[in-house]
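Please look through the sequence and the model shown below before reading on. The report then takes up a few places in turn.

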Amino acid sequence: MPYSGLPGFSYPIFFGMLSLVFSFGKGLLFFAPGLFLPVRQRLRDLAAGRQLYDLWLAFVIGLLLLYATYWSWSGSSFWGPRYLLFAAVPAAFALAVRCCRPGDSALADLVTVLALGMSVWAGLNGAVFGDVDVPKVCWPDGGGQYEAPICFYTPEFSALWYPFVAGAKPLSAGQWIYLAYGLAVGAYLLAGPLLRLAGHLRSWAIPAAARIRTVRW
């Protein structure tokens with residue numbers, strides 16, 4: 001990482017933007033996927049909600065432009081995109097809009113399911129697993145040698161998926177309770193989009209099966 005360790009706002013903005021959006025260990029695309037869902041058309045009859053959402057997005061864009069040039073754009077060993085926590089607000093709002101005002105296509109429901117599922121996992125992962133095990137990889141010798149690229153860019157060492165690599169570990173009673181509660185809430189939120197997606201698939205599958213039966217082989 002040739003530009004790291006320099007003082008102030010010295011990091012190239014192009015690389016900073018790429019990292020803050022797409023990196024596996026810090027990218028908003030993985031930690032707050034709802035931020036990238038199109039919802040403005042679904043808010044056309046809610047002027048106040050649309051204006052508020054636009055203001056939130058403008059603030060997030062400002063944070064991105066600012067911290068993309070910061071020498072410590074990643075927030076170091078902090079779980080996820082440390083300086084962009086506010087992005088969770090418009091991301092959650094967008095997911096709520098997509099769930100309450102679904103689109104007419106199967107693709108729209110599929111994208112909603114993927115973003116919502118990823119968001120539920122990010123929330124559960126941060127609260128239950130956090131980044132307790134990841135620093136053991138980032139500081140392999142225990143002496144402060146920080147191997148930043150491993151935890152910033154490598155998917156299997158991202159805080160989001162490292163629990164699957166490290167294997168199951170004992171959880172406290174509080175962690176089990178939160179995990180069960182989060183899974184229940186996640187299932188409740190996903191039920192609507194999943195049922196709509198199943199309806200789309202059923203409406204496509206029945207005519208397709210009928211056409212297949214009428215074909216003379």
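This is a predicted model: local features need pLDDT of at least 70, side-chain atom pairs count only at pLDDT 80 or more; totals for chains, interfaces and linings use all residues.

Which residues does serine 23 touch, not counting residues up to four places away in sequence?

## The chain as a whole

The chain holds nine helices and zero strands, so that reading from the N terminus on gives the order α-α-α-α-α-α-α-α-α. Taken along the principal axes, the box filled by the C-alpha atoms of the chain is roughly 70 × 45 × 45 Å.

Of the 217 residues of the chain, 35% count as buried. Among the contacts in the chain with a separation of 6 or more, 71% are accounted for by residues 24 or more positions apart.

## Two serines in loops

Serine 23 lies in the loop between helix 1 and helix 2, the latter spanning 28-31, and the residues it touches, leaving out those up to four places away in sequence, are Leu18, Phe30, Trp73, Phe152 and Tyr153. Because its relative accessibility is 5%, and buried means under 20%, serine 23 counts as buried.

Serine 74 is found in another loop, the one between helix 3 and helix 4 (88-100). With a relative accessible area of 7%, serine 74 is buried, and with residues up to four places away in sequence again left out, it touches Lys26, Gly80, Arg82 and Phe152.

## Aromatic rings

A search of the whole structure finds 22 aromatic pairs. In one of them, the ring centres of phenylalanine 157 and tyrosine 162 are 5.8 Å apart and the ring planes stand at 40°, so this pair is tilted. Phenylalanine 157 counts as partly exposed, at 24% relative accessibility, whereas tyrosine 162 is buried, with a relative accessible area of 13%.

One aromatic cluster is formed by Tyr3, Tyr11, Phe14, Phe15, Trp73, Phe152 and Tyr153.

## Helix 1 against helix 3

Helix 1 (residues 13-22) packs with helix 3 (residues 47-67) at an angle of about 125°, and their axes are 8 Å apart. That angle makes helix 1 oblique to helix 3.

On the side of helix 1, the meeting residues are Ile13, Met17, Leu20 and Val21, while Leu64, Leu65 and Tyr67 meet them from helix 3. The residues of this contact divide into seven nonpolar, no polar and no charged. As background, an α-helix has 3.6 residues a turn, so residues three or four places apart point the same way.

Helix 5 (residues 106-129) has 24 residues, and the distance from its first C-alpha to its last is 33 Å, close to the 34 Å expected at 1.5 Å a residue. After helix 5 comes glycine 130, whose phi is positive, near 60°.

Aspartate 109 is found in helix 5, and at 2% relative accessibility it counts as buried. Although aspartate 109 and leucine 197 are 88 residues apart along the chain, their C-alpha atoms are separated by 5.7 Å. Not counting residues up to four places away in sequence, aspartate 109 touches Pro102, Pro193, Arg196, Leu197 and His200.

Conventions: Residues are numbered from 1 along each chain as its sequence is written. Side-chain values use heavy atoms; hydrogens and water are left out. Helices (H or I, at least four residues) and strands (E, at least two) are DSSP runs, numbered from the N terminus. The expected span of a helix is 1.5 Å times one less than its number of residues. Rings of Phe, Tyr and Trp (its six-membered ring) pair if their centres lie within 6.5 Å; planes under 30 degrees apart count as stacked, over 60 as edge-to-face and the rest as tilted. Buried means under 20% relative accessible area, exposed over 50%, partly exposed in between (1.4 Å probe, protein chains only). Axes are lines fitted to C-alpha atoms, for helices over the stretch in contact, and angles run from 0 to 180 degrees between N-to-C directions. Angles under 35 degrees count as roughly parallel, over 145 as roughly antiparallel, 65 to 115 as roughly perpendicular and the rest as oblique. Contact means heavy atoms within 4.5 Å. Ala, Val, Leu, Ile, Met, Phe, Trp, Tyr, Cys and Pro count as nonpolar, Asp, Glu, Lys and Arg as charged, and the others, Gly among them, as polar.
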